[in-house]
Amino acid sequence: MTNQKTLAKSIETGGIGLHTGVTVNLKLKPAPAHTGYIFVRTDLDDFEIPASVEYISHCSYATTLLRRGVLLSTCEHLLAALRGTGIDNCFIELDNIEIPIMDGSSENWIELIEQAGTSEQNAPRHFLKIKETVIFEQGDRRMSIEPSDDYRIECTIDFPHPFINRQKFDFTLNDGSFGREIASARTFGFTTEIEMLRKANLALGGSLDNAIVLTPDGMLNKQPLRFADEFVRHKTLDIIGDFALLGMPFLGKIKAEKSGHAVHASLMSKLLKTESAWEIVEGV
Ligand SMILES: [Zn+2]
């Protein structure tokens, strides 16, 4: 039987938001059993936004939550680090609208969580156990979740770029696998998109320090890729972060083909509405 975990102590950091470019200070704090992850806007009288599917607002280039008019943007890389390290309960205090992008991956979050240490709580961990396959399709994008005894993700991407093309990654979440295989994979974007993003007031904090920037036949970053298939690993990271909004780890296998934040949100919403497809179980 696995028990729930929280942080052993609070930790603080700061940075800038990838899309808004704003400066933000952030503190991760221990939380009681059954809290889940709750964002706390300290600049707005400690207004709380639980990390939950019901508060997903939009998800074009990042996942944004909205509760009673209060926004919280780009939550996926931090949530991936929490889920990936087996933290079940955490308060995330911040004084601005967007989670800092750090280096574009989850690596800094993992380091901070390791510095704080974890503390086991006197309550069994809950899992969303998948009983039937649920599929969401939109054009050539396809995502499904099917029964499995583990937390698994099989992710495939296909971009017409010499560094990417078709990449496939098969991930199983177990002790340390997130830190070893996924955490340091950075977000990426294309120079051809940047002007359009900036016009839409997005990627304002983006730079070579927090993203892989791809030109039509290469990349602007001087440092090498961290993995030859860093791109599909980052997409797997995004799936872990978005699916943390289910409020507990799943026992199932996700198959994702050209998915993105909007597809993740659609599959989660369809899954939760299909009540025969899952049950909540305690510890395994
Ligand atoms: Zn991402």
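How many disulfides does a search of the whole structure find? I looked, and the count is zero, a disulfide being a pair of cysteine sulfur atoms within 2.5 Å.

Before going on, I noted that this is a predicted model, where local features need pLDDT of at least 70, side-chain atom pairs count only at pLDDT 80 or more, and totals for chains, interfaces and linings use all residues. Residues are numbered from 1 along each chain as its sequence is written, and side-chain values use heavy atoms, leaving out hydrogens and water.

I checked Cys90 next: the nearest cysteine sulfur belongs to Cys75, 13 Å away. Cys90 is buried at 0% relative accessibility, and Cys75 is buried at 0% too (buried means under 20% relative accessible area, with a 1.4 Å probe and protein chains only).

**Asp88.** I found this residue in the loop between helix 1 and strand 9 (90-94); helices (H or I, at least four residues) and strands (E, at least two) are DSSP runs, numbered from the N terminus. Asp88 counts as buried, at 9%. Its side chain makes a polar contact of 3.0 Å with the side chain of Arg125 (N or O atoms within 3.5 Å, one able to donate a hydrogen and the other to accept it; residues adjacent in sequence count only if both atoms are side-chain atoms). A polar atom of the Asp88 side chain also lies 2.8 Å from the backbone nitrogen of Lys5.

**Helices 1 and 5.** I then traced helix 1 (residues 76-84) and helix 5 (residues 230-243), whose axes come within 7 Å and cross at roughly 80°. The axes are lines fitted to C-alpha atoms over the stretch in contact, with angles from 0 to 180 degrees between N-to-C directions. The two helices are therefore roughly perpendicular (65 to 115 degrees).

Conventions: Parallel < 35°, antiparallel > 145°, perpendicular 65-115°, else oblique. Buried < 20%, exposed > 50% of the residue type's maximum accessible area, 1.4 Å probe, protein only.
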